[in-house]
Amino acid sequence: MPKQKVNYDSQVKLFKVLMHPARLAILEVLRNGEACVCHIEAALGYRQAYLSQQLMVLREAGLVEDQREGWNIYYRVRKPDVFNVIDAAHQALGETKRLSLPAVIPSCSCPHCTGDKTNTTVAVARPA
Ligand SMILES: [Zn+2]
């Protein structure tokens, strides 16, 4: 009987991408729907340059995608299944505390937070 060989490369790649507090936090923000960098910045307090760096890693891994709308670039999760992995990790650790984010952040000037509906899309990919 031949020895079973399983290729774990893609799994390792996914876990490596998730192995970062800022990237996990970004995904948690995007769980509520798409957001621009300024919104993620207002939500998490990281600098934009740093966020852009982490978003690029997430994008290269195929987990998020970006879309330019007017002046803003919106990020959204491409594979909501990734939240199953994150949720499973929470469950395995017995952790219940989650990042709680307000729908609207007063210090954020993105169209979503300022109520400028002319420049936002309503369609949002949510995990089932
Ligand atoms: Zn905002």
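Student: Why is glutamate 60 called exposed?

Tutor: Glutamate 60 has 10 other C-beta atoms within 10 Å. Exposed means 12 or fewer, buried means 20 or more, and partly exposed lies in between, with C-beta atoms placed from the backbone. So glutamate 60 counts as exposed. This is a predicted model: local features need pLDDT of at least 70, side-chain atom pairs count only at pLDDT 80 or more, and totals for chains, interfaces and linings use all residues. Residues are numbered from 1 along each chain as its sequence is written.

Student: Where is glutamate 60 placed?

Tutor: Glutamate 60 is in helix α4. Helices are DSSP runs of H or I with at least four residues, strands are runs of E with at least two, and both are numbered from the N terminus. Between glutamate 60 and valine 17, the C-alpha to C-alpha distance is 9.6 Å, at 43 residues apart in sequence.

Student: Which residues of α2 and α4 make the contact?

Tutor: Ala22, Arg23 and Ile26 of α2 meet Leu51, Gln54, Leu55, Val57 and Leu58 of α4. Contact means C-beta atoms, placed from the backbone, within 7 Å.

Student: Which residues have the most contacts inside the largest nonpolar core?

Tutor: They are Ile26, Leu30, Ala35, Ile40 and Val64, in a core of 20 residues. A nonpolar core joins buried Ala, Val, Leu, Ile, Met, Phe, Trp, Tyr and Cys residues through C-beta atoms within 7 Å. The largest share, four residues, comes from α2.

Definitions and conventions:
Two residues are in contact if their C-beta atoms, placed from the backbone, lie within 7 Å.
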